[in-house]
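Hi,

Here is the structure I said I would pass on to you. Have a look at it first, and then read on for what turned up.

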Amino acid sequence: MNRMTGILFWLALLAVLAFITMPIVVVVAASLSPTSAVSFDPSQWTLRWYADLASQRWLQPFLLSVEVAAVVAVTSGVLGLLAAYALVYERIPASDAIMSFLLSPLSVPQIVKGVAIVLFLSQIGLQGLLGTPALIAAHVVLALPFVTRMVATSIANFDRGLDRAAQILGANKLQRLIHVLLPMVKPGVLSGVTFAFIISFNNIPLSVFLVRPGDTTLPITVINYLEYSLDPVMAAVNVASMIFILAAIFTFEKIGGFSAQIHGGSK
Amino acid sequence: MNTLVLELPAAPARRDGRSHLYAALSPSLVVLAIFFALPMGLMIGISFSDAASGTLSLANYHRFLTDGLSLAGIGRTALMSFLVAVSVTILGYPVAYFLARSKGRTRAIVFALALAPELAGVVLRTYGWLIILEDRGFINDALLHLGLIDAPLPLSKNLFAVVVGLTHVVLPFGILSLMTSIQGIDPNLERAAQMLGASRASVIRHVVLPLSVPGIVSSLLISFTMAASAYATPALLGGAGFKVLATMVYEQVLFYVNWPFAAVLANALLLMMLAVSFIGIRFEARRRAVHKGLTGGAS
Amino acid sequence: MSNIDIELVSVSKSFGLVPVVHDISLQIPKGEFVSILGPSGCGKTTTLNMIAGFNAPSLGDIRIRGKSQVRIPPERRNIGLVFQNYALFPHMTVAENVGFGLRMRGASRSQISLAVRDALRGVHLEGFGSRYPRELSGGQQQRVALARAIAPRPSVLLLDEPLSNLDLKLREAMRVELKEIQESLGMTFVYVTHDQEEAMAMSDRIVVMWQGAIAQEGSPAEIYSRPKTSFVADFIGRSNILPMSDLVLRPPYLDFAIADGALRLRSTEAWSGQDMRFCCIRPECIRFLAEGEAAAQGANQLTGRLHRVVNLGAQLELFVEIAKTLLVSATMPSGAAGRLPPLGHEVRLSIAAQDVRLLAR
């Protein structure tokens with residue numbers, strides 16, 4: 001009886017995992033297939049679709065996406081750290097209310113936020129800001145609550161005893177921030193920054209209203225193409241984009257070493 | 001734990017020290033005020049104005065409630081989101097249980113597999129489903145080949161495709177939410193049930209499932225919310241005829257340039273989100289009250 | 001200059017409306033090992049916090065070497081603190097942890113590395129400098145915490161139940177080490193604990209706290225043999241605390257009844273005029289008389305039934321039923337077990353009058 005349950009469980013697990021991986025495997029195969037029909041025969045695979053990646057029609061939106069994501073990541077990281085520091089570490093009055101305000105964008109769907117921003121810009125005559133500036137601002141609004149929350153969690157988990165220990169050993173406020181708080185909070189901050197980068201780079205719903213011809217992101221360029229054709233080049237673009245994100249995460253991880261958060265960290 | 005710390009440092013409160021904290025907060029507050037609070041307020045306001053003249057009017061709301069298409073859109077959005085929520089929770093549960101109760105390398109692999117698709121981005125995954133589900137796509141190709149069907153099944157450009165695609169997109173979040181909840185259940189409870197003679201299936205049915213109800217509700221709510229707000233997947237997998245609130249808003253803004261009506265639709269979507277969150281909060285509050293009653297107030 | 005290192009002058013502390021420490025005055029001379037002993041909630045940790053500077057007293061003053069500390073933040077008091085959970089910086093190596101205090105004071109690299117080496121040697125952890133705290137056992141972490149607190153050579157070292165997370169054998173070994181370190185450094189140690197055995201073993205002086213106030217202060221021997229209240233008598237070591245009634249002065253003894261008047265005992269303790277309610281008899285003071293043996297002149301003699309014997313290894317704990325209402329506990333080395341009659345049989349006990357202590361409350 002128990003074996004039956006066990007087998008069923010494993011089958012269910014494998015089925016779900018297959019469901020999860022299927023589309024990705026298909027797209028990778030499609031990007032390597034010689035024709036628009038998807039081929040799983042490795043001997044037929046070719047990299048020719050990837051050659052198109054170097055062309056301007058992909059390179060330009062890619063670079064824009066990277067630029068926006070980088071600015072958003074750094075900005076959200078800094079702003080989020082400062083905010084979490086003031087609200088969670090120092091606990092200024094009305095911390096809870098202010099934190100609620102900072103987290104409020106999380107309850108609003110991205111489409112709604114996007115409409116509101118483009119409406120706002122056109123009403124006050126700043127349509128000129130559409131494109132990169134608007135994207136950066138909107139993505140920061142999107143990412144900031146996440147980053148703030150992640151850093152806030154890191155600070156909340158910070159053992160105040162360490163702060164006391166440093167204090168009794170003679171460290172003043174600034175020294176404690178630099179030598180004790182910041183290093184302990186670094187993984188949380190870097191997770192936040194990485195997260196901000198990813199959600200900015202991959203973003204669609206918030207960005208659809210904020211792009212301009214010539215000043216548009218990679219994901220939006222791709223879905224615009226997808227409305228009309230299923231060109232295998234799309235697959236190549238998507239796969240390349242995914243590899244880029246993985247590389248970015250890998251790099252961030254090397255810098256920050258926040259995999260400790262996943263593996264449970266010290267002690 | 002450290003018993004030494006009872007309260008914050010007793011150094012005399014330096015009032016001057018506070019100003020740098022407000023300065024630290026201000027950039028975040030300013031950004032949100034200008035690019036979030038203000039625009040949201042504006043959008044709510046504009047839904048009450050007439051498209052042509054700009055004067056105060058309820059015409060947009062009237063249209064919303066009477067033109068049939070809008071309400072159909074809401075219904076479709078709700079149905080789609082509901083189906084996604086249920087699928088995600090059902091599919092995610094076994095994975096979540098496994099992740100909650102296992103350790104080591106296998107767990108790490110499953111964890112990566114379950115969450116990595118999120119990194120691939122919505123577009124890649126939706127594109128993948130397009131390839132799989134379309135008339136000339138995978139499934140149809142295979143079925144035709146095997147002679148099981150004569151004509152391609154309409155697996156794409158409809159509700160089914162959108163639900164499949166969104167389930168895939170939302171699944172990592174559902175799994176995380178369920179996993180956290182199951183992790184909170186003391187494993188000894190399962191062992192105790194086993195010692196008392198329960199089969200594995202009974203343990204799941206009588207111990208794990210009931211205790212994971214908060215996680216299940218949380219997963220349902222999160223999935224519903226994410227599905228209802230989604231744009232790209234319904235747009236690509238649903239086709240031109242499949243209108244949900246998100247795609248309708250897009251249409252109103254970029255094709256019809258009807259700001260006020262777009263604002264109405266956006267508000268409707270926002271209200272739907274808030275209603276769902278509200279349900280979640282009430283559920284949580286009820287659960288707390290019941291739990292308190294059961295444990296005699298020692299919550 | 002006086003040789004008082006730490007002085008608390010009428011210190012009180014309330015958190016909001018909740019009084020936690022009530023009018024404590026204490027003087028700790030230089031070089032002494034003083035324990036603040038009491039059960040949880042007695043205010044000992046709060047008191048330590050105030051000496052360290054993490055809490056400010058609501059009333060009263062705290063002086064270190066004669067200088068009032070109330071306006072001085074913890075980082076400038078030049079005291080050391082060993083935390084109960086060690087509070088080692090996880091992102092720094094052992095050497096960096098130990099050198100932290102000196103680094104904050106601006107010492108040079110060479111000074112720091114010298115001091116770190118000395119400190120690690122002092123706690124028998126030479127060579128551990130490049131390890132991280134998470135790689136060490138509990139006992140090793142505890143010693144790093146000690147080394148870190150001592151390295152900047154503070155005038156006073158505060159220790160907050162530092163051994164409570166260690167298992168028994170390690171605790172007992174660390175007691176000896178701590179005492180040796182304290183003696184060799186000649187540093188004043190203020191040691192907070194709820195473990196009376198620990199306090200007895202290490203201290204020059206014990207301050208017993210209860211419900212926010214000092215119950216009694218004195219050397220371990222004093223506190224053990226002359227407890228002033230039933231709380232102290234009960235908290236330190238084992239004792240039989242029996243309610244007294246019908247006190248009659250019969251010099252040189254004080255004669256009184258126990259067990260609701262069923263028996264009478266005598267004590268040589270002087271009548272202090274206070275309201276004496278209880279008498280206290282340490283179990284090891286109860287002697288078992290052999291067949292035909294008579295009690296010494298002037299000693300109390302009691303008859304009872306042997307109710308239970310508990311074997312604690314080196315000692316036996318014996319429970320004797322007296323006058324059908326009282327259970328009295330006595331101890332005896334295990335080797336003497338052969339002298340005991342079987343359970344339920346009659347036994348005769350002898351207690352010297354000097355060993356009967358009187359308690360006010």
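Before the domains come up, one term: domain bounds here are taken from an automatic or database domain assignment. For chain C, that assignment gives domain 1 (4-235) and domain 2 (240-359). Please keep in mind throughout that this is a predicted model.

Staying with those two domains for a moment, their C-alpha centres lie 39 Å apart. Seven residues from domain 1 of chain C and five residues from domain 2 of chain C make up the contact. On the domain 1 side of that contact there are two nonpolar, two polar and three charged residues.

Chain A also has a domain assignment, with domain 1 (1-33) and domain 2 (62-259). The C-alpha centres of these two lie 32 Å apart. Where they meet, five residues of domain 1 of chain A are in contact with five residues of domain 2 of chain A. The side that domain 1 of chain A brings to this has three nonpolar residues, two polar ones and no charged ones.

Now for chain A as a whole. What is its secondary structure made of? You will find 11 helices and zero strands in chain A. The C-alpha trace of chain A spans about 70 × 70 × 35 Å along its principal axes. Chain A has 267 residues, and 47% of them are buried. If you take the contacts in chain A between residues at least 6 apart in sequence, 77% of them join residues at least 24 apart.

Next, the place where chain A meets chain B. The contact takes 69 residues from chain A and 62 residues from chain B. Several helices of chain A each supply at least two residues to the side that touches chain B, among them helix H1 (2-32), helix H3 (56-89) and helix H10 (232-256). Which helix gives the largest share of that side? That is H1(A), with 17 residues. By class, the side of chain A that touches chain B divides into 54 nonpolar, 11 polar and four charged residues.

One residue of helix H1 of chain A to click on is Leu13(A). Is Leu13(A) buried or partly exposed? Leu13(A) counts as partly exposed because it has 16 C-beta neighbours inside 10 Å, and a residue needs 20 or more to be buried. Not counting residues up to four places away in sequence, Leu13(A) touches Pro94(B), Val95(B) and Phe98(B).

Helix H9 (218-226) of chain A is also on the side that touches chain B. Buried residues in H9(A) include Leu218(A), Ile220(A), Val222(A) and Ile223(A). What do the buried residues of H9(A) pack against? Within chain A they pack against H3 and H10, and in chain B against helix H5 (117-133) and helix H11 (232-238).

Then there is the largest nonpolar core, which has 252 residues. The members that touch the most other members are Val115(A), Val249(B), Ala266(B), Leu269(B) and Val190(C). Helix H6 (residues 132-156) of chain A gives the most to this core, with 15 residues. As for Val190(C), leaving aside neighbours within four places in sequence, its contacts include Ile6(C), Ile28(C), Val34(C), Leu48(C) and Leu158(C).

Last, some strands in chain C. Three of them form an open sheet in the order E12-E13-E14, with antiparallel pairing. Strand E12 (245-250) and strand E14 (263-267) are the edge strands, and each pairs on one side only. Ignoring direction, neighbouring strands of this sheet are turned by 25 degrees against each other on average. Strand E13 (residues 253-258) of chain C is joined to E14(C) by five bridges, and Phe256(C) stands opposite Leu265(C) in E14(C).

Elsewhere in chain C, five bridges join strand E1 (residues 4-15) to strand E4 (residues 59-64), and the two run antiparallel. Here Val9(C) stands opposite Asp61(C) in E4(C). E4(C) is also joined by two bridges to strand E5 (residues 67-68) of chain C, again antiparallel, with Lys67(C) in E5(C) as the bridge partner of Ile64(C). The hairpin of E4(C) and E5(C) has two residues between the strands, and Arg65(C) takes a positive phi near 50 degrees there.

Cheers

Key: Residues are numbered from 1 along each chain as its sequence is written. Chains are lettered from A and ligands numbered from 1 in the order in which they are written. This is a predicted model: local features need pLDDT of at least 70, side-chain atom pairs count only at pLDDT 80 or more; totals for chains, interfaces and linings use all residues. Helices (H or I, at least four residues) and strands (E, at least two) are DSSP runs, numbered from the N terminus. A residue is buried if 20 or more other C-beta atoms lie within 10 Å of its own, exposed if 12 or fewer, and partly exposed in between; C-beta atoms are placed from the backbone. Two residues are in contact if their C-beta atoms, placed from the backbone, lie within 7 Å. A nonpolar core is a set of buried Ala, Val, Leu, Ile, Met, Phe, Trp, Tyr and Cys residues joined through C-beta atoms within 7 Å. Two strands pair if DSSP finds at least two bridges between them. Axes are lines fitted to C-alpha atoms, for helices over the stretch in contact, and angles run from 0 to 180 degrees between N-to-C directions. Ala, Val, Leu, Ile, Met, Phe, Trp, Tyr, Cys and Pro count as nonpolar, Asp, Glu, Lys and Arg as charged, and the others, Gly among them, as polar.
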